[in-house]
Structure formats: structure tokens, C-alpha cells
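Please look over the sequence and the model below before reading the briefing.

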Amino acid sequence: MPTKPKTETLSLAKAVKVRGYQVRKLPLGKYLEAIELLRDVPGDLLTACFPGQSPEQILRMLKEFTGSDLQAVIGNLMIAAPRQVVRIVARLTEIDETALLDDPNVSLEGIVAIVEAWIEVNDIGNFIRAVRALITQARAAVQSSPQPSIGSSGSSPSASASASASGSFLRTIFPTKSGR
């Protein structure tokens with residue numbers, strides 16, 4: 001009798017209760033929606049750290065940064081970053097953001113416990129291991145494939161240039177240990 005793949009035999013909890021909140025397994029579509037929030041985080045944090053400043057003004061300020069400027073930026077970051085984390089946690093767990101912010105049972109330690117439970121329930125560790133394995137396989141494939149040169153027999157110069165460019169692109173994404 002054939003054996004089932006490891007992923008089919010594992011049965012993870014569909015939900016766990018942490019600090020009075022249900023942390024559930026998130027469907028892929030909901031996960032992808034929630035993860036889109038991460039795209040906005042850098043811009044939101046820059047806006048919070050440098051209120052009222054344009055990107056050009058921020059770059060100019062960074063060139064002439066002083067100790068007092070650093071204190072102001074760190075202060076702004078300490079206010080903005082936790083709120084961003086709570087916003088993302090609320091979205092990933094489908095727990096109301098206001099409840100997370102206002103519930104005295106949650107606190108910073110509670111947010112960490114909720115994130116840990118979400119990682120476990122959604123088997124994020126297994127996902128990360130699988131992605132790492134895929135990246136390793138992609139690197140090996142790129143490294144083992146011969147790179148055609150322009151004008152090599154059997155291919156047009158434009159095809160060879162295109163293949164060479166795509167190989168360079170993949171090596172940029174998946175650098176080898178010696179290329180780091």
C-alpha cells in the first residue's frame with residue numbers, strides 16, 4: 001500500500017485560544033491579502049519617522065543627520081512600529097485591531113504569544129523550509145546550466161543574449177556563496 005506524503009499525514013490544530021482570542025488557520029487567499037500590508041510598512045514607517053517630509057527632503061536630512069535628529073526619528077519609530085505590528089497581526093489573525101490595542105490581557109508579550117500561535121497553526125516553519133529547499137534547487141539548476149555565449153552555434157545572437165541576461169538575473173536573485 002502506498003504511503004501518504006508527510007504533508008498529508010500531519011494534522012495541525014485548526015485553531016488555538018491565546019489570551020482569550022481564537023487564532024485560526026488562515027486560508028491562502030486571506031493570508032495573501034494580509035501579507036499585502038507588508039508592502040506599505042516601509043513607506044508608513046518613513047512617513048511616521050519624518051512627518052511632513054517628502055522622500056527628497058528625507059534624503060537631504062539624512063545627509064546632515066545630527067544626534068537630536070536621531071532621537072526624534074527613534075522616538076517616532078518607537079511610536080509607529082508597534083502600531084504597524086498590531087495592524088499586521090490583527091489582519092493575519094482576523095482579530096479586531098482595536099481589541100488587540102485595548103485589551104489589557106494582550107500586552108506586548110501577548111502579541112508575541114499570538115504570533116507564535118499563528119505561526120504554529122499555519123505551519124509557517126514548514127513553509128519556510130520548503131521555500132528554502134526550492135531556492136537551493138533553483139540555485140543548483142542555475143549553477144549547473146551552461147551559459148550560451150553570443151554567437152555560439154545553433155542559436156541566434158539575440159537568443160544567446162537573452163539567455164545570458166536571464167542567467168545573470170537568476171544569479172542576482174539566487175547568489176552563490178562565493179558571490180556574496
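The points below cover aromatic pairs, a strand hairpin and salt bridges.

This is a predicted model, in which local features need pLDDT of at least 70 and side-chain atom pairs count only at pLDDT 80 or more, while totals for chains, interfaces and linings use all residues. Residues are numbered from 1 along each chain as its sequence is written, and side-chain values use heavy atoms, with hydrogens and water left out.

**Aromatic pairs**

- Two aromatic pairs turn up in a search of the whole structure; rings of Phe, Tyr and Trp (its six-membered ring) pair if their centres lie within 6.5 Å, and planes under 30 degrees apart count as stacked, over 60 as edge-to-face and the rest as tilted.
- Tyr 31 and Trp 118 are stacked, because their ring centres are 6.0 Å apart and their planes meet at 15°.
- Tyr 31 belongs to helix H2 (residues 28-35) and Trp 118 to helix H7 (residues 107-121), so this pair links distant parts of the chain, 87 residues apart; helices (H or I, at least four residues) and strands (E, at least two) are DSSP runs, numbered from the N terminus.
- Trp 118 is buried, at 8% relative accessible area; buried means under 20%, exposed over 50% and partly exposed in between (1.4 Å probe, protein chains only).
- Phe 50 and Phe 65 form a tilted pair, with 6.5 Å from centre to centre and 50° between the planes.
- Phe 50 is buried, with a relative accessible area of 6%, whereas Phe 65 is partly exposed, with 30%.

**The hairpin**

- Strands E1 (residues 15-18) and E2 (residues 21-24) pair in the antiparallel sense over four bridges; two strands pair if DSSP finds at least two bridges between them.
- Ala 15 has Arg 24 in E2 as its bridge partner.
- Two residues lie between the strands of this hairpin, where Arg 19 takes a positive phi near 50°.

**Salt bridges**

- The structure holds four salt bridges, each a side-chain nitrogen of Lys or Arg within 4 Å of a carboxyl oxygen of Asp or Glu.
- One of them joins Arg 19 and Glu 109, whose closest N and O atoms are 3.0 Å apart.
- Arg 19 is in the loop between E1 and E2 and Glu 109 in helix H7, so the pair ties together parts that are 90 residues apart in sequence.
- Arg 19 is partly exposed, at 31% relative accessible area, and Glu 109 is exposed, at 58%.
- Arg 39 and Glu 36 also meet in a salt bridge, at 3.7 Å from N to O.
- Arg 39 is exposed, with a relative accessible area of 64%, while Glu 36 is partly exposed, at 43%.
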